[in-house]
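User: I am new to this structure and would like to go through it step by step. Please answer each question in a few sentences.

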Amino acid sequence: MLIEIEKKSKTYRFEANAGEKILHAGLRAGVPLPFECATGTCGSCKARVNQGDIDEGWPEAPGKENFKAAKREMLMCQCVAQTDCNLTVPSKIKAFREDDINPDHHQGKITDYEMLTSDVLRFEVKVPIEGTFHAGQFFVLQAPELEGYRAYSMVNYSQSTDTLEFIIKKFPGGELSNWAFESNRLNETLDVFGPLGRATFHPDEGHDLFMIAGGSGVAGLMSILEHANQVNYFQDHKVELYFGVRTPNDLFFAERFRAIKTQHPDNVSINIVFSNEPPTSEQLSGNDGLNYLTGFVHERALPAVLEGGGNTMHYLAGPAPMVDALIRPLILDSKIPADRIRYDKFN
Amino acid sequence: MSWKAACPTGDVKQDKIKECTIDGVEIILVNVGDGFRAYPPVCPHMEQYLEGSGICANNVMTCDRHLWQWDMKTGEPLGPAEKPLLIYDTKEEDGQVMVFIDEELEYDFDDDDDD
């Protein structure tokens, strides 16, 4: 199917395969279509259908709030072209960075699968070709017998790799989550599409980093820490991470944090915030280099934000309500400029 | 095509967004300290209702959806925002905020002047 998107300055044309989401087809062809969550919840990839037939995919997608049926408005991340189509995309079509990597479809195979806590598991997906992604990016994953993609940020980082490392939280009602936890999925295959996402880290920007993560949202921030550490970034830049989980039993990645902290103790500050139980006495002894606190992660993190932000880039990652609860005080109280806040909101 | 009373001036507090409907035209009103501004009710990016998504501080409005920002006095875009806010003329008269509504101002969501 030929998809045409007319803008005043030029007309974009790309081919969509049968059954392929229009957003995927465009991004794959190098057209920097607007999107954010890529999974139907945010509404950023809105388009109007001028000509042609589409299958809407998920007509009740939450991202369609305020959309006008009469104007044939739809989400490019959900719909599939059934004929050649002519679309209008109201948001600007513009590239983010020159070094962005065109996303693509891959058949991935699960090559590692382990429980990190009682309700968080870690798995690795091997894809057929070596490539890279920006630290902080995500892929959308679809299990074979399930309808619809879910977004997961990579945990790992490498300049060139065929392995994507993810964590996934047990989430009642989450289909992919249920599928992943149901049984050991080692050696099973998944459809994956990516890399996607702009809550990314780029060493050439030279920012200090302030990170707030809730639960499995820490994935993308772990990738940023790994990339930064690989290029010895913390030699002369600071990072302050606040990572919220419920109890000491829910904590994961402590070893990985510690490894980075040990290399640059003065510039790396890792704060683990437990919402439901106090830290253990061993944690409080302070021997492992990490700080352990009690409370809600946003309440503990916000007082540490530098007013005006200085040279700092702020990364927010976690459940959408947590991210929403942070954006307002960051802008209002801490006076952080909007372009110094990067976040992903996956519902 | 005339000046219309929107609401008492005391109803439009600084750093708050007040929604009004005048002769069927929805607007939002803000207090910029030395006067008032009236805009269409939605964000020019993705039509989010700013009464819910707008954050006002220091005469800068931010839509919390994708962090577009504007100078509330001029409507000019700041930071990542790509389009200005449209502004209706306003004045104060007899304790009321008056808004000049000639025709409903609407954003052109097909205005796609790319880089």
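User: Which residue forms a salt bridge with A:D119?

Analyst: This is a predicted model, so the pair is read from computed coordinates. Two salt bridges are counted between domain 2 of chain A and domain 3 of chain A. For A:D119, the closest N and O atoms of the pair are 2.8 Å apart, within the 4 Å limit for a salt bridge. The partner is A:R246.

User: How much area do domain 2 of chain A and domain 3 of chain A bury between them, and which residues of domain 2 lose the most?

Analyst: The contact involves 20 residues of domain 2 of chain A and 19 residues of domain 3 of chain A. Together the two domains bury about 1500 Å², with 60% of it on carbon and sulfur atoms. On the side of domain 2 of chain A, three residues together make up 33% of what that side buries. These are A:V155, A:Y157 and A:I167.

User: Which element gives the most residues to the side of domain 2 of chain A that touches domain 3 of chain A?

Analyst: Across this interface, five residue pairs are in polar contact. On the domain 2 side, β9 (120–131), β11 (150–153) and β12 (161–169) of chain A each supply at least two residues. That side divides into 10 nonpolar, six polar and four charged residues. With three residues, the element that gives the most is β12(A).

User: What area is buried between chain A and chain B, and which residues of chain A lose the most?

Analyst: Chain A brings 30 residues to the contact and chain B brings 27 residues. The buried area is about 2500 Å², and carbon and sulfur atoms give 44% of it. In chain A, three residues together account for 22% of what that side buries. They are A:K8, A:K92 and A:R328.

User: Which residue of chain B forms a salt bridge with A:R328?

Analyst: The count between chain A and chain B is two salt bridges. In the one that involves A:R328, the closest N and O atoms are 3.6 Å apart. The partner is B:D64.

User: Which element gives the most residues to the side of chain A that touches chain B?

Analyst: The rule finds five residue pairs in polar contact across this interface. Two or more residues each come from β3 (46–51), α7 (320–332) and β19 (341–346) of chain A. The chain A side divides into 10 nonpolar, seven polar and 13 charged residues. The element that gives the most, with four residues, is α7(A).

User: Is A:H207 buried or exposed?

Analyst: A:H207 sits in the loop between β13 (189–196) and β14 (208–214) of chain A. Beyond its neighbours within four places in sequence, A:H207 is in contact with residues including A:Y233, A:H237 and A:R340. Its relative accessible area is 10%, which is under 20%, so A:H207 counts as buried.

User: Is A:D236 buried or exposed?

Analyst: A:D236 lies in the loop between α3 (218–230) and β15 (239–245) of chain A. A:D266 is 30 residues from A:D236 in sequence and 9.9 Å away in space, C-alpha to C-alpha. The relative accessibility of A:D236 is 56%, which is over 50%, so A:D236 counts as exposed.

Methods. Residues numbered from 1 in each chain as written. Chains lettered and ligands numbered in written order. Predicted model: local features only at pLDDT ≥ 70, side-chain atom pairs only at ≥ 80, totals over all residues. Heavy atoms only, no water. Contact = heavy atoms within 4.5 Å. Buried area = accessible area lost by both parts, 1.4 Å probe. Salt bridge = Lys/Arg side-chain N within 4 Å of Asp/Glu carboxyl O. Polar contact = N/O pair within 3.5 Å; in protein donor to acceptor, adjacent residues only side chain to side chain. Nonpolar A, V, L, I, M, F, W, Y, C, P; charged D, E, K, R; others polar. Buried < 20%, exposed > 50% of the residue type's maximum accessible area, 1.4 Å probe, protein only.
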